[in-house]
Structure formats: C-alpha cells, structure tokens
Amino acid sequence: MNTFDAELRSAPHPSPLPQAGEGVSHPRTDALMRRGAEFLGTQHAIMAGAMSWVSERHLVSAISNAGGFGVIACGAMTPELLDAEIAGTKKMTDKPFGVNLITMHPALSELIDVCTRHKVGHVVLAGGLPPAGSIDRIKGSGAKLLCFAPALALAKKLIRSGVDALVIEGMEAGGHIGPVSTSVLAQEMLPEIAEQLPVFIAGGIGRGELIAGYLEMGAAGVQLGTRFVCATECIAHPNFKKAFIRASARDAIASVQIDPRLPVIPVRALKNAAGELFTAKQREVAQLLDEGKIEMMEAQLQIEHYWAGALRRAVIEGDVEQGSVMAGQSVGMVSKEEPVTAIIASLLDEAEAALARR
C-alpha cells in the first residue's frame, strides 16, 4: 500500500480545465438533473464510479473540476492512506467530491473517522448492509450518505434506516456486480422509490441517450465508471487503457463461483489469465474454510484482497494478462483517450439531443 501512495504522489498534476460544456446549453438535461445536482452540490448529476487504484486524487479532482462528482475509491486503503488521499484531492479541487467505503473493511470505523475529520460532504457505502451504528455516525458528522441497493426490498430497508440517496447498479457494471440488469432494476425500483429520495442509476451507461432515458424515468442522476478509465487525467497504465480501447462488450465477463459454501460476489472484468488465477484462489480459500483455519469473514476478506492485488498489477504495473482488468460492458463504447471535460460534454450533448427529439 505504501507503494500505491508513493505512486499517486508522484503522478503528474493535470492542468486546470474549463467546465464541461462551457458555453453550451443543456436546458432539458439540466432540468432533469437538478435534484441530483443539488444533492451532490455539482453542476451535473454525473457521479464517477469508485474504481480501486483508478479513482484517486487525479481523476477524482478532474471529474469534480469538470462539473461532475468524483468519488475516491478507498477499497483496501488503510486509514492513513485514505487520510493522505483526501488531503491530496482537496489540494487539487475546491469542488464537492465523495469517498466510497467498503462495509466489510476491518477498519471501517477508523475510515469513517478520517472522513469526519476532513469534513467529507458525501460518503458512499458499498458491499452490503451498513454495520450497526455506521449510518448514524456518518450522518452525525454532517455528511450525506449514499448506499447501493441491488434489490427493492433492500432499498426500502435502507430508506427506513435514514440513508440520504441510493445507487442502483446493474450487472452490466465493472467490478463487483449483482445478478440483475440495470434496465430491470430501474424499471422495478424507480417508480417505487424515486419520489422518496435521490436515486442514481449505474451499470452499462456509455452514452448520453441512455442517461436521458433514466432521467425521464425518475432518476436524479447517473454513475459511470468504465467511461472515465481512459480519461487523460486517469493515472492507469497505458496498457490498461489500451485494453479498454481494444475491447468489446463481449470481452467484459463475470467471474464464476466454484464453491457454494464460499459465497463470492461476481466480478466483471476483461477475460484474461487472471480469471483462471481467481478460480485457483477460490479453491485455496475454500480449503482453508474446510480445515477450520479461517472464518467466513476472513475468507471474504482474502477474496477482496486478491482482487485488490490483481487490479493493482493491471492498473499500476500494466500487466493486463495476470492482473485484473475490471471493466463494465460499456467498454465497447470507449474508443480513445480524452480529457474528462470532453467525456462529460459528449454525454451531456447526447442526452440533450435525445431529449430534444422526444
């Protein structure tokens, strides 16, 4: 992890860029995004998905500076590393950004403390139901809390628990995924909950036309991850970006669970040798469980740490065969490296044109 911090500190500081779409009007899109933008405190209700090793200070600040909402991916970071990452991001932007925390992180309480000390305005909890007391602690700090809701029943439970907003993410997304598609989740859940709180839709979004559709269905905004990986400001290795540019939707496949006694959240990534390595890792962890050498929580953490390490090999070191190239199915719509401002401007232009045709 220390190497990670050192590399982030040594990465080049991107030049300030103008707001996305500056001088271009998107009245219909802005109107539909108003609720989400006001909630986030941004110009546009476009959240960035939290991608470990990718969503660090350079990309996060660039997205926020461009009028979107950058989100730091804490992942497996220690509290000390998260502290440094938040501080580094604040030096690069004075715009709102959030921090994504994994609920199963053994130091979750300390990570919440770090966010509180920095007065982080928005905290995103991912990876399951928030542990007891975490919701109250986050909201008590003055931060707004967003949680992922992969099912309507869980969404209603989270709303009763007092979360401020929800993210509905379908199986088309990259990284850890659920079993249901974004379009089905949106149809099932937006009519039921969109009036109660802001809901952001994620998974498989690569163009503005789809953003327009979800906004018309009642979404307050959207979240995109894969689309931002090949941003000029992203520190990912050139090999990692090339893999995205060359890939099609069919190349982004979900991992397979091999042992029913070891529930594994599937991970969507570009197919390569790392998939076979994950199968071997599952067998290794399952054997440790059988032998009583580890508990279930430790088993799940070992799986999570495997992905963190494999992803680092791909993102930072550029080993796109032995490392994990996590990508959503929208990867086929990533065709070149370009600035964040250009990506956001394209999405807004496409959404506005689609709404104008209605």
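Axes here are lines fitted to C-alpha atoms, for helices over the stretch in contact, and angles run from 0 to 180 degrees between N-to-C directions. The model is predicted, so local features need pLDDT of at least 70 and side-chain atom pairs count only at pLDDT 80 or more, while totals for chains, interfaces and linings use all residues. Residues are numbered from 1 along each chain as its sequence is written, and side-chain values use heavy atoms, with hydrogens and water left out.

**Two crossing helices**
- Helices are DSSP runs of H or I with at least four residues, and strands are runs of E with at least two, numbered from the N terminus.
- The axes of helix α2 (residues 27-40) and helix α13 (residues 340-357) come within 8 Å and cross at roughly 100°.
- That makes α2 roughly perpendicular to α13, a term that covers angles of 65 to 115 degrees.
- Where the two meet, α2 contributes P27, R28, T29, L32 and M33, and α13 contributes L348, A351, E352, L355 and A356, contact meaning heavy atoms within 4.5 Å.

**The sheet**
- An open sheet of 8 strands runs in the order β1-β9-β8-β6-β5-β4-β3-β2 with parallel pairing, where two strands pair if DSSP finds at least two bridges between them.
- Its edge strands, β1 (46-48) and β2 (70-73), each pair on one side only.
- Strand β5 (residues 144-148) pairs with strand β6 (residues 165-169) in the parallel sense over 3 bridges, and F148 has V167 in β6 as its bridge partner.
- Helix α4 (residues 79-92) packs on the sheet, touching β2 and β3 (97-102), and its direction makes about 165° with that of β3.

Methods: Angles under 35 degrees count as roughly parallel, over 145 as roughly antiparallel, 65 to 115 as roughly perpendicular and the rest as oblique.
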